[in-house]
Each structure stands twice: as C-alpha cells, then as structure tokens.
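The sequence and structure are shown next.

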Amino acid sequence: MIRGLRPLLRGSTYSGVLFAYCGALASLPLLPLALLPALSWRSAPEGVQLALVLLVWAVLVGAVGLARPVRRALVVSARRLLRVPLPNPVAGRRNSGSPGLDRWRTPLWLVLHVAVGWTGALASGVLFIMGLSLPGNWLGGEARASLFGTSVRVSGGWSWVVAAVCILLAVAVCVLVTKSLRWSAPRLLGPSAAERLALAAERELLLAERNRIAHELHDSIGHTLTAATIQAAVAGEVLSADPAAARAAMRSIEESTRAALEDLDYVLGVLREEQSGTAPTRTLADLPELLDRLRHAGAVVEPELSGELTQVQGTLSRAAYRILQEGLTNALRHGAGGPIGVRVAAGPDGLDLTVVNRTGARTGPGPGTFPTSGHGLPGLAERVRLLHGEFQAGPDGTQHWRLSCRLPARASA
C-alpha cells in the first residue's frame, strides 16, 4: 500500500500540504478577536454565533492580506512550497491602485488559503486517526466509527478494509488541498493587469538595453580584434626590417585593446547589475584616432571630411562613429588590401557617411579571411532605422564594396 501511495505524494504534495497547514496555524492568533462578537451576543442561536465567528475571522484574515509585505511573503512561499512560477510583485505599484477586483485578490487568496488549510487538516487528521485505530481490533474485537452523529460498527477483517479506505481518502484530501492551492495561486497571487503591463514594459526596456549592449560589443570588440590581428601580423613581418614600424604597430595594439577593455568593463557591469563607471562614449571626435589605428594595421585610408563635424553632437555623433567603425572593420576583414575611402559630410539636414573598399583576394599582410557572425550589417541597418535614416550596403561595380547611410539631423537629440 505504501508503494501505491508514493506516486500520489510525489512532486510538491508534501510541501503543498505543509504550506496549507502553516496558513491555517498562522490564522490562530486572530481567533480570539473573532470570538469577541459572539461572546457579546450570547442570546443568539449557536448556529448564528458560529457563522458570526467564521465571518469575523475571515474579515480579519482578509484584512491582513491588504498589506504589501504579506503579499510578497505569500508569493515567495507559494513559489518555493507549491512550486508555482510566480513573479515578484512590481515594486512601487500598490494593489489599491489596480482597477476592479485586483486589490482584493490577495485578501481572497489568504482567506482561501486558511479555509483550505483548516478543511484539509481536519479532514485528513480524522481519516488518518481512523485508519490507524481501526485495525487494532481486527482479531474478533469490535470497533465503532462515529462522525457528525453517524455511527458505523466495524468488526472482524472489515476493519482493515475500512482502515485502508480511510488512509487512501486522507491521501486524496492532501493531494486535493495541494492541487486547489496550486490552481488558485497564479490566479490570485499572480500579477494583475496593471502589473503585467509594468512587467512587459520592464522586459521591453531590458531587451532594448541588451540589444544595445550586443551592438556595442560587436562594434567595439569586433573592430579591436580585427585591427589587433592585422597589426600583429604586420609587426611580425617588419620586425627585423623595420623595428620602428613594428613598435608602432604594437603601441597601436595596446591603445586599441585598452579602449576595448573599457567598453567591455562597462558592458559587464551593466550585465551584472553593478555600479559600473560612466559608459565610454565614442563620437566623431574620436574618428582621427580610429583612422590612425587602421593605418598602423597597414591599411591605406583616404578620408574626405566636409562640413562642420564639430557641430554634430549627441546620438547622431555616437551612431556615426559606430557605423564608420563597423564599415572600416568590414573593409579590414574582407577587403583586398587597396585604399579604403571614407567620406563624412555634415550638412544642415543631416549626416552622410560612406565607406568604399576593394573586394577580392587580400594582397597585403595579415590573415586572408576572418570568421564573421553575420550580425554586423543587420545591426547597422537596425541602428540606422531606429534613427529614421537610410542605409545601403552592397557591391559597387565589379571590384568595390560600398557602405553608405544618411542620418537625419533630428537624430542628434
């Protein structure tokens, strides 16, 4: 029989019954207060007094559920003992501000919790006692089971049958108690409509932040690793013939990797929810440094800058730097080693960016191919789209690749 009961008691049944009984016991301190109205109305019938006690008791239990810490404690305990996936209540949002019956969901759950706990405790307790006491007289004795005024005489071997039925019913009551609490917990302790909207907004902000971090990592770390790899190859080839050029390449590797470490430190701080330093901002003012690093890597860069670039500020300047960085990184990775044309034109209506490089087999120093994730150009297109700009990337003739975009001036906010 014990082996037959094990499947019924697997999972969260044990902890669910404990959760229900603890809720019932926690309501005992409120019982003396619930007895006061009945004691002051002694002339009322017993049934009326009992109903009054239960009503006042339920009101007192429900009033406890109006406190915000109580709900949070109930959510945590239900999540651990009932194994129900419940999110934490949204901070800063009170149940009283929720429309309709949302503000009464936690008091209703607490009353239901106490009622189910007491019902399950009394029913399973009586059935277990009956199941354990009846077999004691099976050798010819006689036992009598009484419940709510009804008496049944059990004698002989039938006492074992009745005892087994009582044990099974007690187990069924425990399972039913757990199932009822597990069913009602998400509906009464789960997030309200207003909290679901707040959780969805928080999740959207989190996904947007992670997407932005992914772009930053791809742009910064990807460019640094590409440039450092080529610079290391250049330094290795000219180490004997031109030690000064090799030292310059190594210094460029040091500067670029230091900048990438700053970006990485900031990103890791955000992911760990730590108080990281101020986010390193790369703008068009850092473009000369970026072009110098490419020259140290052996690339021939032909910049064409026009307009008042110093007047470009804010989001527009930061996005322009990242777009040029990704375009130049792709030129280093996949270009044929010829000159890389960079055009930046600032006008009153916006900013025009263009990167052109030769395609084909690499002729200069450095590795011939680079692994790529395929997220670079789609990430740039998404970045430009969010700024309401225009983006194009593709072959320009038979031997060149062109990346161009236009960012409107309103993106500088």
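Trp-183 is placed in helix α7 (residues 158–188); helices (H or I, at least four residues) and strands (E, at least two) are DSSP runs, numbered from the N terminus. With a relative accessible area of 54%, Trp-183 is exposed. Here buried means under 20% relative accessible area, exposed over 50%, and partly exposed in between, with a 1.4 Å probe and protein chains only. Trp-183 and Val-84 are 99 residues apart along the chain, and their C-alpha atoms are separated by 9.0 Å.

Ser-180 also lies in helix α7. Its relative accessible area is 28%, and Ser-180 is therefore partly exposed.

## Basis and overall make-up

This is a predicted model, in which local features need pLDDT of at least 70 and side-chain atom pairs count only at pLDDT 80 or more, while totals for chains, interfaces and linings use all residues. Residues are numbered from 1 along each chain as its sequence is written, and side-chain values use heavy atoms, with hydrogens and water left out.

The protein chain has 12 helices and 7 strands. Of its 413 residues, 39% are buried. Contact means heavy atoms within 4.5 Å. Among contacts in the protein chain between residues at least 6 apart in sequence, 72% join residues at least 24 apart.

## Helix α4

Helix α4 covers residues 46–64, which is 19 residues. The expected span of a helix is 1.5 Å times one less than its number of residues. For α4 this gives 27 Å, and the end C-alpha atoms are 27 Å apart, so the two values agree.

Which residues of α4 are buried? They are Gln-49, Val-53, Trp-57, Val-61 and Gly-62. An α-helix has 3.6 residues a turn, so residues three or four places apart point the same way. The cover over the buried residues of α4 includes α3 (31–40) and α6 (105–133).

Two packed helices are described by the angle between their axes and the distance between the axes. Axes are lines fitted to C-alpha atoms, for helices over the stretch in contact, and angles run from 0 to 180 degrees between N-to-C directions. Angles under 35 degrees count as roughly parallel, over 145 as roughly antiparallel, 65 to 115 as roughly perpendicular and the rest as oblique.

Helix α2 (residues 13–26) packs on helix α5 (residues 68–81) at an angle of about 150 degrees, and their axes are 9 Å apart. The two helices α2 and α5 are therefore roughly antiparallel. Ser-15, Gly-16 and Phe-19 of α2 make the contact with Ser-77, Ala-78 and Leu-81 of α5. By class, this contact has 3 nonpolar, 3 polar and no charged residues; Ala, Val, Leu, Ile, Met, Phe, Trp, Tyr, Cys and Pro count as nonpolar, Asp, Glu, Lys and Arg as charged, and the others, Gly among them, as polar.

The axes of α2 and α6 cross at roughly 105 degrees and come within 7 Å. Helices α2 and α6 are therefore roughly perpendicular to each other. On the α2 side, the contact residues are Phe-19, Ala-20, Tyr-21, Gly-23 and Ala-24; in α6 they meet Trp-109, His-113, Val-114, Gly-117, Trp-118, Gly-120, Ala-121 and Ser-124. The contact of α2 with α6 has 8 nonpolar, 5 polar and no charged residues.

## Salt bridges

A salt bridge is a side-chain nitrogen of Lys or Arg within 4 Å of a carboxyl oxygen of Asp or Glu. By this rule there are 3 salt bridges. One joins the side chains of Arg-295 and Asp-292, at 3.1 Å from N to O. Both residues lie in helix α10 (residues 287–296), 3 residues apart, about one turn of the helix. Arg-295 is partly exposed at 37% relative accessible area, and Asp-292 is partly exposed at 38%.

Arg-406 and Asp-352 form a salt bridge of 2.9 Å, N to O. Arg-406 is in strand β7 (residues 400–408) and Asp-352 in strand β5 (residues 350–358), so the pair ties together parts that are 54 residues apart in sequence. Arg-406 is partly exposed at 30% relative accessibility, as is Asp-352 at 22%. Arg-402 and Asp-396 also meet in a salt bridge, at 3.1 Å from N to O. Arg-402 counts as partly exposed at 33%, and Asp-396 counts as partly exposed at 31%.
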